[in-house]
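User: I'm new to this one. Can you walk me through it?

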Amino acid sequence: MFHWLEKNPFFFAVGVFVTIAFAGLIEILPNFAEASRPVAGLRPYTVLELAGKEVYKKDNCIACHSQLIRPFKAETDRYGQYSLSGEYAYDRPFLWGSKRTGPDLHRVGNYRTTDWHENHMWDPQSVVPGSIMPAYKHQFKNIADLETAYAEAVTDKNVFHVPYGDDIQPGKKAWEAYKPKVLAEAKKIAADMKNQDVKDAVAAGKVPEIVALIAYLNSLGSSRYEAKK
Amino acid sequence: MQSNAALEYDYSVAKLFTYTTILFGFLGMTIGTLIASQMAFPELNYLLGEYGTFSRLRPLHTNIVIYGFTLSGIWATFYYSAQRVLKVSMAESKFLMFMGKFHFWLYFFGALAAVVSLLLGITQSKEYAQLEWPFDIVIVLIWVSWGIGMFGLIGIRREKALYISMWYYIACFLGIAMLYLFNNMAVPTYFTSGGLGSIMHSVSMYSGTNDALVQWWFGHNAVAFGFTVPIVAMIYYFLPKESGQAVYSYKLSLLSFWGLMFIYLWAGSHHLLWSTVPDWMQTMGSIFSVVLILPSWGSAINMLLTMKGEWNQLTENPLIKFMVLASTFYMLSTLEGPIQAIKSVNAIAHFTDWIPGHVHDGVLGWVVFMIMAALYHMAPRMFKREIYSKKMMEAQFWLQTTAVVLYFTSMWIAGITQGMMWRAVDEYGNLMYSFIDTVEVLHPYYAIRALAGVLYLTGFLMFAFNMIKTMTSSRQLTEEPQFRSPMA
């Protein structure tokens, strides 16, 4: 049979394809319906948090930070309750990471504050002496792309049926109407910060990346579903 | 395989890809050395402002070495060896020649644009699949043009039976096509939101645990079909060609090919042990990873036994040395991987530096060594000149071998130290170390790894220099060398 296959490239290619596709069919497909169910009461990310998630992706935090607490005592002691599948239901993409040069962040919102993040992102060594993390001062200047984050929320709602409210609708008009809500949320974060340039920018309707990022980091943890219980 | 004197093979496309292999290899390894140094000396993060942090540069390093260096190497060797094993010249078909050149130029400009987009931070944040959807479309076009070239050549072949190398190139083509398509399924938000925001942005079709499953089914097997399968294709062609020895066993090559095809895909979930992925999938990933030793070692042993009775060549020909060491590192790496995939070992190893250590003994020792050896073998035949310097090749071999050993030993120690410190508890059951303790203790190992990077990069520069000299100013050859590559 193998000699025959080697002389018939078409059937050879079909044979190879079936052999390699087999594992995916059995291992990946069956899980889809089950694992995408959210834990009870989980709320979707707000638009500001989504913009923060984009900053997290852009500066590629997953190169050094995981968002997956494994079910070991050493990990739950350090980071809190181990991660549940349903907590990730609204994470597109998943941001578990594969390397912990720095600590896990899946519940960082449970034990760090806006103030802590502000100091840490500006100068990590001032908060954690000996840290090898670089400063991310450009996040205090760069303006977050709120419109793209809103576009993502619209997509999540309309394509993937993520339970956003009726005020999330496609089109420029809907976005203009929604924008004040995002700015109000940003102002709350900025109120807890001390950097005057950031406060001024937010007051002028421009949200620096750091504000969105802190909103996102604060949302990581059990606050997104425990508050509703 | 006999040489066919009547047929004049056309190497114009193979040459183009040879140049980009050298270019992207230099670029990717330079960035790699820089980011390795940043972990030891964090001040190096501020060389390029926002664009120079470790986090921004790391995907640039991985993408350039995988999709720049390795893919170029795969295609350079493909456009060289496929003609020869199929006994047909690219020059015989204007269409295939055009497709080959189209393939190259689309790839080259696509790759440059991709580099810029990663520097700007435009990313899906899925490892090794960072590029956003417009790039994915370009990549599909590049892939399809390779497919047309490959199956076109097969269509007009004179040698009816496909040689082993061709099996692996076909598998590389099909495997990556399937994995890449499914993992990059995403919805561009611009079109679903009535024209809001950035046109580059997209949302993954899968969420959370499902996304993780698809991503690591892709991630692990991109390694399989990018770093293993086509590299095995190379060694099956170039080792017998360089040594003049026949492949040791046809049956063993059959067993390891079909075994590898069937088993590799199951192993992806070993990247997700102890995660929220269902337990049975984790166990499957673990078991199949261990079974994977069989076909991997099958190929490697087949290659080593091909040298049976001719081991003296190892001392006389540095090219054989590169290939034999590549096989050996392949064996080391494919034993180390399954060990890390055992659940209890993984509990310590996962998230630590042992993982990059494992990746690099595979890629530096196996992938890069094999690609360099293949290009060294091709150079005298493509450029009709002898290899510029044997001495330099010897020196390069030892320099880079030292570098690989330094790299993986330092990362073994770093990884296991880290893993043990994270879980260490005192007599009352409290954690013994704060996280920063586990970072500070690694400094010497990061410094050693950075040194390993500098050594390896130096070796690669010697390779590049040797190749460029071979292309331009080495002694010309009057006829094509039969087996052993001539070198000065």
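Here is a short chat about the chain and its contacts.

User: What kind of model is this?
Analyst: This is a predicted model.

User: OK. How many helices and strands does chain A have?
Analyst: Chain A has 13 helices and 0 strands. Reading along the sequence gives α-α-α-α-α-α-α-α-α-α-α-α-α.

User: What does the C-alpha trace of chain A span?
Analyst: About 75 × 50 × 40 Å along its principal axes.

User: Which domains does the assignment give for chain A?
Analyst: Domain 1 covers 2-35. Domain 2 is written in two pieces, 47-59 + 106-226.

User: And how far apart are the C-alpha centres of domain 1 and domain 2 of chain A?
Analyst: They lie 43 Å apart.

User: Switching topic. What share of chain A counts as buried?
Analyst: Of its 229 residues, 46% are buried.

User: What about contacts in chain A between residues 24 or more positions apart?
Analyst: Those make up 74% of the contacts with a separation of 6 or more.

User: Now chain B. How many residues of chain A are in contact with it?
Analyst: 72 residues of chain A, and they meet 73 residues of chain B.

User: Which elements of chain A give two or more residues to that side?
Analyst: Among them are helix H1 (2-7), helix H2 (9-27), helix H9 (146-160) and helix H10 (172-191) of chain A.

User: Which one gives the largest share?
Analyst: H2(A), with 11 residues.

User: How do the residues on the side of chain A that touches chain B divide?
Analyst: There are 38 nonpolar, 16 polar and 18 charged residues on that side.

Conventions. Residues numbered from 1 in each chain as written. Chains lettered and ligands numbered in written order. Predicted model: local features only at pLDDT ≥ 70, side-chain atom pairs only at ≥ 80, totals over all residues. Domains from an automatic or database assignment. Helix = DSSP H or I, 4+ residues; strand = E, 2+ residues; numbered from the N terminus. Buried ≥ 20, exposed ≤ 12 C-beta atoms within 10 Å, placed from the backbone. Contact = placed C-beta atoms within 7 Å. Nonpolar A, V, L, I, M, F, W, Y, C, P; charged D, E, K, R; others polar.
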